[in-house]
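I opened this notebook to record what I looked up in the structure. The entries follow in the order in which I made them.

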Amino acid sequence: MDQNLGQGYMAYTRKIPFDNCVHDAYMDILKTKIIITCRDIRHIILRAKIFVNYSTLYDVRRLSLPRLSSMLPSPTYHWRFITISANALSAFLPGQSLPRGYVDQLQLFYTVFKFQKLRFRSIEDLNPNGSNNKLFGNLVKSDGFTVDFLFYTRKTQTKDSTLMNSDLLLDDFDLEEINADYLPIAIDPGRKSVFTAVTGSDSREVKR
C-alpha cells in the first residue's frame, strides 16, 4: 500500500445492500453461506457465555471471589457480521481455487461483487499502478443483508502546509484585536452536543 498510496494512507468502508452488489450467479450460495456462518457464530458465543456464567455461579457457592470483568461479551441475539477475506470467499464458492497475490484476490472479489455500484467502471481502476488514489483492501464484512467494502485512500494533502505548522501563543494577540474580533464564551466542561450562544438583545447576533 505504501508504494501506491504513500505513507499515512487512510482506511474507510462503503456499505451497500447485499442484493444490490452481488452478481446473480453468486447471490444465493453466498448469502446462504454467510447467514449460516453468522448464525453459528452467534450461537457459539451465546452458549459459551451461558456456560461461563453457570460455572461462575457454581464456584461462588463454594468460594466467593471478586469478578472484575467478563471473558465473553454479554449474551445477545444481535445478528453478527463476519469478515470475508479472499481465502474465505474462495471457500464459500464451490470449485474456486485459492487466489495468490493482490491482483488475483482482487479479481476474485471483482468477479463476485458489482464494483460498478461503488463507481468503479473497471478493474483497472483498482489495479495498483503507483498513481492510485484508492485501493481495495480485498476484505469485506457482511451479515447476509449488507456488505461493507474496505478501501484505502491517499492521505489528503493540505494546500498550505504553514497552516498545519502554525503554533499560536497568547502573545500573538493584543487586547485591541481580541476586543474587535473575538468574543470568549464559557461553557460547562464535558459538553459534547452542539450549542448556540446568542449575544445582544437588539441585533440577535448568533455565535455557534
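I began with Pro 128, which counts as partly exposed at 35% relative accessibility. I note that the model is a predicted one.

I then located Pro 128 in the loop that links helix H5 (101-112) to strand E3 (134-142). Which residues does Pro 128 contact, leaving aside its neighbours within four places in sequence? I found Asn 4, Tyr 102 and Leu 135. I also looked up the C-alpha separation between Pro 128 and Val 103, and it is 8.2 Å, with the two residues 25 apart along the chain.

**Ile 185 and the surface patch**

Together with Leu 183 and Ile 187, Ile 185 forms a nonpolar surface patch with about 250 Å² of accessible area in total.

**The chain as a whole**

I recorded seven helices and six strands for the protein chain. Read from the N terminus, the order of the elements is α-β-α-α-β-α-α-β-β-α-α-β-β.

Of the 208 residues in the protein chain, 25% are buried. I noted an accessible surface of about 15200 Å², with 53% of it belonging to carbon and sulfur atoms. Finally, I checked the contacts between residues at least 6 apart in sequence: 64% of them join residues at least 24 apart.

Methods:
Residues are numbered from 1 along each chain as its sequence is written. This is a predicted model: local features need pLDDT of at least 70, side-chain atom pairs count only at pLDDT 80 or more; totals for chains, interfaces and linings use all residues. Side-chain values use heavy atoms; hydrogens and water are left out. Patches are made of residues with over 30% relative accessible area and no salt bridge: like charges are joined within 9 Å, nonpolar side chains (Val, Leu, Ile, Met, Phe, Trp, Tyr) within 5 Å. Accessible areas come from the Shrake-Rupley method with a 1.4 Å probe; for residues, only the protein chains shown count as cover. A salt bridge is a side-chain nitrogen of Lys or Arg within 4 Å of a carboxyl oxygen of Asp or Glu. Helices (H or I, at least four residues) and strands (E, at least two) are DSSP runs, numbered from the N terminus. Buried means under 20% relative accessible area, exposed over 50%, partly exposed in between (1.4 Å probe, protein chains only). Contact means heavy atoms within 4.5 Å.
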